[in-house]
Amino acid sequence: MKMIAKEEMSLKERMARMKVVEGSYAVAHAVKCCAPDVISAYPITPQTHIVEHLSQFVADGELDSEFLTVDSEFSAMSSLVGASAAGARCYSSTTSQGLALMWEVLYNAAGMRLPIVMTVANRALSAPLNIWNDQQDSVGARDSGWIQLYAEDVQEAADAIPQAYKIAEDPEILTPVMVCMDGFILTHVYEPVELLSVKDVERFLPPYKPKHILDPENPKTFGAFADPSYFTELRYMQWDAHRRALSKIETVAREFAEQFGRWYGGLIDTYHADDAEVIIVTMGSVIGTIKDCIDDMRSEGLKVGLVKIRSYRPFPTEAVRRALKDAEVVAVIEKDVTVGNEGALLTDLKAALYNTPTRVPVIGFPAGLGGRDITVRDIRRVVDRAIAARDRGIEAEMEFLSLREDLL
């Protein structure tokens, strides 16, 4: 983790401020510091601990918030649409089938330009039933109009919450944000975390002052019917808000780093990418394993680097182009697959490079599906495949990593 701060803090001072907590607690604590007016969520593994902690904060009087118990994830997001339209700062969390049940309302929240923040504890979608981690759920919602930020570790997942509110509530953006963290791998791990404080978050995150709310004294219409003479322009305004969010995400990340001393990248981050011949592109918790593997390969003389996608929506096209302009080959590792095509991140990456002078082999590897481990051996295999594609040409644009052919 890179550190940026106006006043340098010693390692000893930082360690003294850390506590060993569960990932879900760290996220819930960050939400508490942001003081949402309304929280609504339905329990589903592996996100349940987040809202359990928030419920306890409310019950103990540590958080002055309306905690809504609802009958489904569809109702959870529907209730927040109403609360946000009335001017409340809102929060929810969900995963997998729960996110799928919200699908209709995700589009409503984004189309109505409601700055709701939600944690998605990434988990595989049925069928077959699987409760372990991959990112198919949130990746499948990439076109819903929500901004999507992907966390590398627990500290980033917690620190992304106040950043998400600051982005979403900006009058020039007004777009809901998903903070995506890998289920179990991050939600249930216990590790040292520097917990946010209410006082510090209040300095960073302005009070929410919505310009447009449901008010009998000043009537407005939310979610109105739009015929073909209006609909395209409304979609354009959503698209344009995502375009403006590109710079806002960068700005907020730097503001956070200046105040708190922690930097995760803005739209993207890189690791040994400046002189890399082989660059791996990915997002989420697998980044830690990849970094360790890169360190080992570097010691062996292999010039391997990493580009971390932090903002998947809006997609950081220009940032990706700059980061990959000197690469000789690019390999994408992602925890999803578009059945009938390829990995979603692979498609986006190839599209970003298409109309540029960068003409390098780009290959993709769906991996970790349904919670399967992504090992150092797997990552080395990806690098070997990438070098072969560079030297001998692409044999397959996409290959399922660690596929068990004995089960086929």
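Q: How do the residues lining the largest pocket divide into nonpolar, polar and charged?
A: Bearing in mind that this is a predicted model, the lining of the largest pocket divides into 19 nonpolar, seven polar and nine charged residues.

Q: And what volume does the largest pocket have?
A: Its volume is about 1000 Å³, and of the 35 residues that line the largest pocket, G111, M112, R113, L114 and F222 are the closest to its centre.

Q: Which element gives the largest share of that lining?
A: That is α10, which provides six residues of the lining of the largest pocket; the elements that give two or more residues to this lining are α6 (103–111), α8 (154–168) and α10 (228–260).

Q: OK, how much space lies in the second largest pocket?
A: The second largest pocket holds about 390 Å³, and among the 13 residues lining it, the closest to the centre are G145, Q238, W239, H242 and R313. The largest share of the lining of this second pocket comes from α10, with six residues, and by class the lining has four nonpolar, four polar and five charged residues.

Q: Switching topic: where does I44 lie, and is it buried or exposed?
A: I44 lies in the loop between β2 (38–41) and α3 (48–59), and it counts as buried because its relative accessibility is 14%, which is under the 20% cut-off.

Q: What does I44 touch, leaving out residues up to four places away in sequence?
A: I44 touches E73, T94, T95, Q97, G98 and R123.

Methods:
Residues are numbered from 1 along each chain as its sequence is written. This is a predicted model: local features need pLDDT of at least 70, side-chain atom pairs count only at pLDDT 80 or more; totals for chains, interfaces and linings use all residues. Side-chain values use heavy atoms; hydrogens and water are left out. Helices (H or I, at least four residues) and strands (E, at least two) are DSSP runs, numbered from the N terminus. Buried means under 20% relative accessible area, exposed over 50%, partly exposed in between (1.4 Å probe, protein chains only). Contact means heavy atoms within 4.5 Å. On a 1 Å grid over the protein atoms alone, a cavity is a set of points where a 1.4 Å probe fits but cannot get out, and a pocket is an open set with protein on both sides within 12 Å along at least five of seven lines; lining residues have an atom within 4 Å of a point. Grid points are joined across faces, edges and corners, and a volume is the space filled by probe spheres set on the points. Ala, Val, Leu, Ile, Met, Phe, Trp, Tyr, Cys and Pro count as nonpolar, Asp, Glu, Lys and Arg as charged, and the others, Gly among them, as polar.
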